[in-house]
Amino acid sequence: MIHVQDLVKRYRHSETAAVDGLSFDVRPGEFFAFLGPNGAGKTTTISILTTTLAKSSGTVSIGGYDLDQRAKDVRQSIGIIFQNPSLDLNLTAEENIRFHVSLYGIYGYRPSYGMMPQPYREKVLELAEIVGIAQDIFKPVKTFSGGMKRKLEIIRSLMHKPKILFLDEPTLGLDAVSRRSLWTYLQKIHEEEKMTIFLTTHYIEEAEKADRICIVNHGRMLFSGSPEAMKSLMVGKYLLLDAEDRDSLRSELTGFGPEPLEDGSLKLRFSENTPQNILAQIKTPLSFMRLHEPTLEEAYIDLVSNGKDEEEAS
Amino acid sequence: MSIRRELNAVVTICARDVLRYLRDWKNSLLFSFFFPIAFLGILGGTIGQNLSGGLGYDYMQFALLGMVANLLVQSTMMGVTSLIEERESGFTQEVFVSPVSRYSILFGKIVGGSLASVVSLVALFIVAFATGIPLSLAGIGRILLVTPVVFLSGGALGVLLSGVFSSSPKAVDRATIMVMFPQMFLSGALIPVKNSTGVLDVLVHLMPATYLVDLLRGVFYQGTPVYGQVVLYNPMFDLMISLALAILFLVAGSYLFVRSERNR
């Protein structure tokens, strides 16, 4: 669905490339999370993919259309939710949607909602009902909260039935309740419509449900794979154990390669062994035990920090 | 099908500008009346009182026509440059990622800005009637006939500024002001320039608005005894120069805009 090969973007008057040879593919129906710290090249990449910024070199095709040759077809096949709301605050929610469908050539422009075709009116009310803003659909957007604006942008971006939905930090500035309700709906449309989703976000937990994660830093790819692969690759699982008689505990666990921590407790990484295997070897009474399951956030921090360390060392 | 879609996009962009203007009617009306009152009533009035004796024609009527041309150029130009001012936020982002030609976007902004300017034109005529400036219906009709050229020129100037300063909303804002004021004072809109000489005369002839102001006066004063005193050139000459400049600005501005919009 998205094919990116050796993508490079060097801004004018800049010595370094914002995107430096990125290559990746996104499959149809995939939920693809594109992560990275500030300045990693995420927004530059998404701007290129959504045709608002020209690349310096490389090949990009979206929905089967070459970005350089068929930019209009690319725009027709994508929906975008920008980092900053792209709504006209002086218009009502419905007027924003009406202008969108007219720009995308789905319906001819009509000066009022009542003059628009029946299918349009039904679709607007149906989507507004689903996302929970049906009561406010004819109110000016300037009276909307951040969460309502995001929901309106989602309705709008779905009106032309895009094959791919680009979400550039869609929950930035939203409270926890709004974020959860937005994601519930996004997951629903992803599952029901089999829509490809391309997400950039700072909230790592939002990428937990992605089919695939791509991590970039300084315009280069650091990792590409499933969230599970990332977690296991980067930090793995481990047991933390401690006992009054630490020497005895250490000698019992020699075969598992215990790593003593600063406080004297022992860290045992396990990937092939299970915690049960390890615990079965222990006769020494334990004073402390904790099983550590890695989070995606830890893996992400690990990955990005290692990248930084390597750069500093070189 | 494609042309129909582009036309629909032009209508949509234009309708949005008009709707926004009407929705913000309090501010729109305030500014529509503020400028005519400020420039025509106060500035024009002061100049008129001090010059009228030696001019041999009705100065306020002369200044009104200058104001019409200037106001329409300015409001259409600013309608187009708002595209740059709003680019990083708001609805303009949405417009740029829609499957619509950049040329249609620019054209939609020109038409939208022009239609919104009509309100300013009406306000100007109301101020004129209220202050007793003589305006014949035939004269107003002839002015309305050539206003599309004024709109086109204002829009073309806006496109040129948007193309040259597309990367910076602040720069386009400053450039708009830098273009507006010299046009107002050197085009002969408020101050007669018929007898200008030297550098001032060169500057007068470099201002695109000079030919628009003169075009409006040319058609308005046609067949009147003061025609020779107030009009610089034959209206056909003004029309040709104005159209040529508009086409030049449109071509150069659109090219720069489309190119620089993506090549940051």
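A residue counts as buried here if 20 or more other C-beta atoms lie within 10 Å of its own, as exposed if 12 or fewer do, and as partly exposed in between, with C-beta atoms placed from the backbone. Helices (H or I, at least four residues) and strands (E, at least two) are DSSP runs, numbered from the N terminus.

What you're looking at is a predicted model, where local features need pLDDT of at least 70, side-chain atom pairs count only at pLDDT 80 or more, and totals for chains, interfaces and linings use all residues. Residues are numbered from 1 along each chain as its sequence is written, while chains are lettered from A and ligands numbered from 1 in the order in which they are written.

Let's start with helix α5 (residues 146-158) of chain A. Of its 13 residues, 10 are buried, so α5(A) is mostly covered. The buried set is A:Gly147, A:Lys149, A:Arg150, A:Lys151, A:Leu152, A:Glu153, A:Ile154, A:Ile155, A:Arg156 and A:Ser157. Among the elements covering them are β6 (78-81), α4 (118-131) and α6 (176-193) of chain A.

Now for chain A as a whole. It has 10 helices and 14 strands. Its radius of gyration is well over what the globule rule gives for 314 residues, so chain A is more spread out than a compact globule. That radius is taken over C-alpha atoms, and the rule is 2.2 Å times the number of residues to the power 0.38.

| Chain A | Value |
|---|---|
| Radius of gyration | 25 Å |
| C-alpha box, along the principal axes | roughly 85 × 45 × 30 Å |

Buried residues make up 38% of chain A.

On to where the chains meet. Contact means C-beta atoms, placed from the backbone, within 7 Å. Chain A puts in 27 residues and chain B 25. The largest share on the chain A side, 4 residues, comes from α3(A). That side divides into 12 nonpolar, 11 polar and 4 charged residues (Ala, Val, Leu, Ile, Met, Phe, Trp, Tyr, Cys and Pro count as nonpolar, Asp, Glu, Lys and Arg as charged, and the others, Gly among them, as polar).

Finally, a helix pair in chain B. Helices α6 (residues 137-164) and α9 (residues 208-220) of chain B pack at about 170°, axes 8 Å apart. They are therefore roughly antiparallel (over 145 degrees; under 35 is roughly parallel, 65 to 115 roughly perpendicular, the rest oblique). Their contact includes B:Val146 of α6(B) and B:Leu212 of α9(B).

Notes:
Axes are lines fitted to C-alpha atoms, for helices over the stretch in contact, and angles run from 0 to 180 degrees between N-to-C directions. Two residues are in contact if their C-beta atoms, placed from the backbone, lie within 7 Å.
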